[in-house]
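Subject: Structure handover

Hello,

Here is the structure for you to look over. My notes follow below it.

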Amino acid sequence: MITFPLNNPIFASFGPDGISMFFVSCIIAQIVYSCGGSIFPGGNGSMMIEVVPFLHIMAERIVLYVGEEHKQEIIASTMVAFAISSIMTGVAFFLLGAFNLGSLIGFFPRHILVGTIGGVGWFLVITGIEVAGRLDENFDYTIPMFRKVFLDSHTLMLWSAALGAALVLRLIQQRYNNALVVPAYYMVLPIAFYFVLAIARLDVNQVRDAGWIFPLVKSDLPFWHFYTNFNFAMVDWQAIAKTVPAMLALTFFGVLHVPINVPALGVSTNRDDVNVNRELIAHGMSNAISGCFGSVQNYLVYTNSLLFIRSGGDSRLAGLMLAGATMALWMVGPWIVGYVPTLVVGSLIFHLGLDLLKEALYDTWGSVHYLEYITICMIIFFMAIWGFVEGILVGIVMACIFFVVQNARLCDAIRSMHTGQELRSTVRRLYRQQKFLKHVGGQIQVIKLQGYMFFGTINQVERAIRDMLDERAWERSPVRFLILDLQLVQGIDFSAAEAFVRIRRLLKNREVYMILCNIARDSDQAKALMKAGMWADELDDGDLKCFEYLNDALEWCENTLLRAYFARVPHHRIPAVPIKDTNTADSEETHIDMISDASPRHKMVTKAIQQLIPDTGVPQMYSNLSQPTLLMVQALSELTHDDIPVEFYHKLGSYLRKENCLRGQCLWKDGDPADCLIVLEQGSLRSLMPVAKDDYVVVESILPGTVVGELGLFTGGPHRTRSLIAEQDSVLWKLTQEAFESMRLADPQLAAQFIMLSLHFSSDRMETMTRYAFQLN
């Protein structure tokens, strides 16, 4: 009845034509679904009530463009515009289904759809006032219109009676929750209306003239009469072009229904083989065919389909019978419209409108974020004031703004922050090196970033770094290295990339290394930083360093600190073990570390050295020792405060056997027997752990003066869990299982003390590895 704006004099008599178009759309949709288009044999196709506001907008824009005096051009253009919009909707459905893009619809914000539904609900309430109140013009928000609607007693009585009937229905639904309540109510309501007329002995024609019953339809008006309105010679194509935005909005709104109705119907009917893309293709065919037959949009109706299926209509034959019965009803003709009370149609419109408003405003209260609820209200408001297309655009803009605000507030770009004291590299070092790094590790700051770095979140990172470099914080904990771990960063936009450039300048002014890790040169993150001018050709550029892994970055920072340590510490009587260079960093680069003797960083290093010097003093007698006694003194003497005589180290060295190995040589593989331990004198080793077939990851670096393989030997482990490879040409001393058993039998006290000292390496390694693994993700 309300397919056309009946309050406009041009379309005042188009109620029967709208009903006929409704029947045509239903019949076509039912035939397509029942002939195999849909997975649901008893699926019901029907016109979408939600498209009516968009159809009215198209009709009104054509009237405004063509002019009310050109009635035939308006009617012909409106009919063609309705048909084209159906074809456009069908093409959109079909393309989404054909290219398997049905899942993309799920990415559209749900609250915008809810707001649009609320806007449709408000439109239906206004339409209910127009139809039931028999207004001669469109409802607008002006004082004269409000006077007519609320102060004219006759108009107020017409639409308030329809609204009252709708409210009575809602009260009944609260008491009786059954799908048959609504159709039964609207079967009883017109009977009750005519019963009241009979009791009051009122003349039907007078009641019709008063606006309580729709005007009579010509008795000879055929069911196909609406086709006579198609006159392509009278079509104003420029006017139709003006309706394209409304057509696009209608298409967009129609497409959103399928991913909601189809899965819901699948769950309600216990079907596991539901394919949204197949249903989209079926909807595309039904809408395109409906448009070619001059009718309006249609879709699979969840409530009707569920009622029909549960009533026994779960077969394609039942669907075709439904299409045939609908066709028979269509052919009877629209004469019955002249006997339909306006309050029946008006109350149905009010009922649908209130239901949609409840879904949008009441049901979402407390169940959505308050910013999303504001968006829903704004969509409804602007749809009512400006129009449907404008309301949807406002909703999309607000959703984008609120999305940025919510992500900026709720998404923490910083996953965690650590110092070099908390997070250490997996390098086995001498005890005195480890102790020094514990003192000065606070100069290494690690910030693990996460998520997508964009203009809404990067300010968190920038603010945290500025707080770190604040004078008060700097005096307490000076920073020399800032490591930014990008492992969990999904992307960097241009604003965030420019912020990284600002951060680099800030750090450079404070003589702090900026170190990026878990970033590859060909990654999207690296490309974004390069475009912003973070670097030109090389990833490493003086104050900027880049590493593949966090462990490599930590190792480089520790080595740089140790260079400063060895540059200032007095020469020990035992030769210092050189540190391993993990990067091409020149030792001359330490100029950034010792700029001022009064700097907090310098004071921290000096204090650490002063505390360590007494601990690293070695008696003069040790300087003339030979290997491996000297190596054992160097490796073990600092692990305890007890005064251990040199004879202990000499006895221990007698059980060790010297070996040389070349770079790349495998000392043992995972799965080999745990039959020895190694004390490294020169070179460096790497421990590798298998993570997949023929794929290994570096777990640990072993430097001179440290012990490796001790746990397997001491515990009698059946096999190695990691492989050990010589990274450089190396000199090592090996304690075999046979020699260890001989030591235990010959001198149990020597073996016990050696085990206790060696376990210091295991304890330190386990603590470092646990911290590193725990903070890895």
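The notes cover a sheet, its helices and the cavities.

This is a predicted model: local features need pLDDT of at least 70, side-chain atom pairs count only at pLDDT 80 or more, and totals for chains, interfaces and linings use all residues. Residues are numbered from 1 along each chain as its sequence is written, and side-chain values use heavy atoms, without hydrogens or water.

Five strands form an open, mixed sheet in the order 3-5-6-7-8. Strands (E, at least two residues) and helices (H or I, at least four) are DSSP runs, numbered from the N terminus. Two strands pair if DSSP finds at least two bridges between them. Strand 3 (414-419) and strand 8 (544-547) are the edges. Strand 3 runs antiparallel to strand 5 (residues 444-453), joined by five bridges. Histidine 418 stands opposite valine 446 in strand 5.

Now the helices. Helix 19 (residues 458-468) lies across strand 3, strand 5 and strand 6 (481-492). Helix 22 (residues 524-531) touches strand 6 and strand 7 (513-517). Contact means heavy atoms within 4.5 Å.

Last, the cavities. A cavity is a set of points on a 1 Å grid over the protein atoms alone, where a 1.4 Å probe fits but cannot get out; lining residues have an atom within 4 Å of a point. The whole structure has two of 30 Å³ or more; volume is the space filled by probe spheres set on the points, which are joined across faces, edges and corners. Ile19, Phe223 and Trp330 are among the residues lining the second largest cavity. Helix 1 (15-37) supplies three residues there, the largest share.

Best wishes

Technical notes:
Axes are lines fitted to C-alpha atoms, for helices over the stretch in contact, and angles run from 0 to 180 degrees between N-to-C directions. On a 1 Å grid over the protein atoms alone, a cavity is a set of points where a 1.4 Å probe fits but cannot get out, and a pocket is an open set with protein on both sides within 12 Å along at least five of seven lines; lining residues have an atom within 4 Å of a point.
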